[in-house]
Amino acid sequence: MISVISIVLLHNIEIQLGTLYIRRRSQLLRENAKQGYSPAARKQYLRLRNQLLTQRYGVSLDQSSLRSQSMGARSNSRVTLETSDSFENRIDLAEKKLPRRASMATDEVVPTRLAEASRAMAGDTSIAENYAFTGVHHIFDQHKDAVTAVRFANNDKSLLACCSLDGSLSICQLTPPPASVLYILSGHKAGITAFEWSISNDLILSCSLDATVRLWDAALGRCIRVVEDPLQASVQCCAFQPLNNNMVVVGNSKGMVQVLNVSTGIYLKGGSSKTSGSVLSIVFDSSGKLLWAGDDRGYIVSYLFDLHSGRLTKGKKILVSENSAITCLSARSWASREARDPSLLANCAADAVLLFSIIRKDGTLELKRNELSCYVKVKFPYLNMIIHFFKVQSSKFLS
């Protein structure tokens, strides 16, 4: 008993020391930034940092550097809108190229006439410069249990929300400094598994192990509506319908994907479907007409979503990895405009991040890349945490 207590105390002391170290380091970096720095010293720092990373990981960031369009666009706080090529048009293009799908599995990308503009968005910087982390902006420690999800507001880098197994959800303001917690939203009687911002960031949808879904007013920090799961099952994931935020889709532990009208609190007729396992992740495409759900048995199921009635029609089902949970899904048409087709990124509990091409209008998926190369690792040794950045596109047209 004494040895167990000693281990726990040592662990707590290590975490406290790590937190103090990061806070002090961040403070020193801010003080140094106020005094200004020499561009020559900055270049020397980046060169030394690159040498150290090369020695540690065996890969030179300068040699394999990417002009990452998507990351560069975010770092410059810019948003690229779909103008000439819609999500559906890209699916049409993918369908026409089906006979040549064998060549799609290569690392090559197709440059377009907008490729130069995409590269220019990243600025004249190497990947080492883009990921030259110089400190922690702020440490939030308002939650008392594991944090299950963190999300920025849509197209807004000043608002951040996170939810926890302590049953609360917090809304944080990052800018203007100092960073602060605006609201702590309490009401769930068990841990919160997921949440999502509405398109206009005025609402937040959360789901919980207490078998309820809650709708929150993000500006006032209060609960607007509570809806219980009809099967009294824990709700594992949720998503707003992109074109109609009155409709949301939720997935529960009994394998049900269900469409809910949050304005009325009623689950829609024809808006439910059964999957093979507990639904852990849900994502819409940008058109709102396609939906994918991932479960704890390793399956991804596609659905056609009727915008008027909310009816779900099951499309295709694929097995990614047997009994390996699909914990996260992300669908998009790449802002760089150099990807061949719309893609679905899936995180699988089999220690894999997989990239799929969306090749038909029913959401059919085809594996594009099953081994994404990790080109940057950021380690926080005092917090026992590592952040990985994966290369989704080839460096052939990006470096």
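Two strands are taken as paired if DSSP finds at least two bridges between them. In this predicted model, the hairpin of β10 and β11 has three residues between its strands, and within that hairpin Gly255 takes a positive phi near 85°. The two strands run antiparallel and are joined by five bridges, with Gly251 standing opposite Val257 in β11.

On its other pairing, β10 is joined to β9 by six bridges, and these strands likewise run antiparallel. β9 and β10 form a hairpin with two residues between them, and Cys237 stands opposite Gly251 in β10.

The packing of nonpolar side chains was examined next. In soluble globular proteins, nonpolar side chains tend to be buried together. The largest nonpolar core of the model holds 16 residues, of which Val249, Val257, Ile282, Leu291, Tyr303, Phe305 and Leu312 touch the most other members. Two or more residues are given to this core by each of β9 (235–241), β10 (244–252), β11 (256–261), β13, β14 (290–295) and β15. A second, separate core consists of 15 residues, including Val227, Val250, Leu260 and Tyr267.

Ile282 illustrates the contacts made by one member of the largest core. When residues up to four places away in sequence are not counted, Ile282 touches Cys237, Ala239, Val249, Val250, Gly251, Val257, Leu291, Trp292 and Ala293.

Aromatic rings were considered last, and when rings are paired if their centres lie within 6.5 Å, the count comes to one aromatic pair. The rings of Phe284 and Phe305 have their centres 5.4 Å apart and their planes at 80°, and because planes over 60 degrees apart count as edge-to-face, the pair is assigned to that class. Phe284 lies in strand β13 (residues 279–284) whereas Phe305 lies in strand β15 (residues 299–305), so the pair ties together parts that are 21 residues apart in sequence. Both Phe284 and Phe305 are buried, and Phe305 is also one of the residues that touch the most other members of the largest core. A further arrangement involving a ring is found at Tyr299, where Lys317 lies over the face of the ring at 4.4 Å from the ring centre.

Notes:
Residues numbered from 1 in each chain as written. Predicted model: local features only at pLDDT ≥ 70, side-chain atom pairs only at ≥ 80, totals over all residues. Heavy atoms only, no water. Phe/Tyr/Trp six-rings, centres within 6.5 Å; stacked < 30°, edge-to-face > 60°. Helix = DSSP H or I, 4+ residues; strand = E, 2+ residues; numbered from the N terminus. Buried < 20%, exposed > 50% of the residue type's maximum accessible area, 1.4 Å probe, protein only. Lys NZ or Arg CZ within 6 Å of the ring centre and 35° of its normal. Core = buried A, V, L, I, M, F, W, Y, C linked by side-chain atoms within 4.5 Å. Contact = heavy atoms within 4.5 Å.
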